[in-house]
Amino acid sequence: MLEWLNPVKGFGVTFHTMFKKVPTVEYPEVKAPTMPRFHGRHQLNRWPDGLEKCIGCELCAWACPADAIYVEGGDNTEEDRFSPGERYGRVYQINYLRCILCGLCIEACPTRALTMTNEYELADDSRESLIFTKEQLLAPLLEGMEAPPHAMRLGETEEDYYRLGSQDADAAARADERNSEAVQ
Ligand code: SF4
Ligand code: SF4
């Protein structure tokens, strides 16, 4: 190809782009929906009785490449139970000044306690407000759930809960399949 034609080719790209429809969204009045699997703000999930899924193991914190997660585990007792099993996440923080929303932490979580929502409005003007605490990250209590601490209601042992979790995972996989079929 003749080199002197290169500038003309460049203008060709400009002209082609000039006639494309511009995807302008009048944010924040109009909020364009994200893709279903968009990585947004995290959520700490609960079991159907309201107990927390987090067991305070810190695997998410170790997996994080940005050192954005801080976890301190605590011991459950029969009088003061926050999750099934021995341990729960006593302190849990995510620093959104550091987080790059890569999702490695949710891959590392052994109990599916940590997932990511589609919420993307995470800008603020103070450091304190961008360090989310456990209370901010915990999923809301739905109908039939009771705020911990309370006894295990879904089984005698934590294994009963984890079996329930694998049913959750099967249901999520089926929902993913349905979503991808709908997109095709
Ligand atoms: S999404 Fe990535 S950067 Fe953010 S807390 Fe999780 S592992 Fe860390
Ligand atoms: S969110 Fe998951 S990986 Fe992180 S401490 Fe809790 S149970 Fe462990």
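R112 is partly exposed, with 15 other C-beta atoms within 10 Å; by this scale, a residue is buried with 20 or more such neighbours, exposed with 12 or fewer, and partly exposed in between, with C-beta atoms placed from the backbone. The model is predicted: local features need pLDDT of at least 70 and side-chain atom pairs pLDDT 80 or more, whereas totals for chains, interfaces and linings use all residues. Residues are numbered from 1 along each chain as its sequence is written, and chains are lettered from A and ligands numbered from 1 in the order in which they are written.

R112 lies in the loop between α3 and β4 (114-116), where helices (H or I, at least four residues) and strands (E, at least two) are DSSP runs numbered from the N terminus. L101, in the loop between β3 and α3 (104-108), is partly exposed, with 16 other C-beta atoms within 10 Å. Most residues other than glycine have a negative phi, and most peptide bonds are trans. The exceptions listed below concern backbone angles.

| Site | Feature | Angle |
|---|---|---|
| L101 | positive phi | about 55 degrees |
| R112 | positive phi | near 55 degrees |
| Y27 to P28 | cis peptide bond | omega about 10 degrees |
| P148 to P149 | cis peptide bond | omega near 10 degrees |

P28 is found in the loop between α1 (6-18) and β1 (42-44), and P149 in the loop between α4 (134-137) and α5 (158-183).

Around ligand 2 there are 14 residues, of which C54, C57, C60, C109 and L114 come nearest; a residue belongs here if its C-beta atom, placed from the backbone, lies within 6 Å of the molecule.
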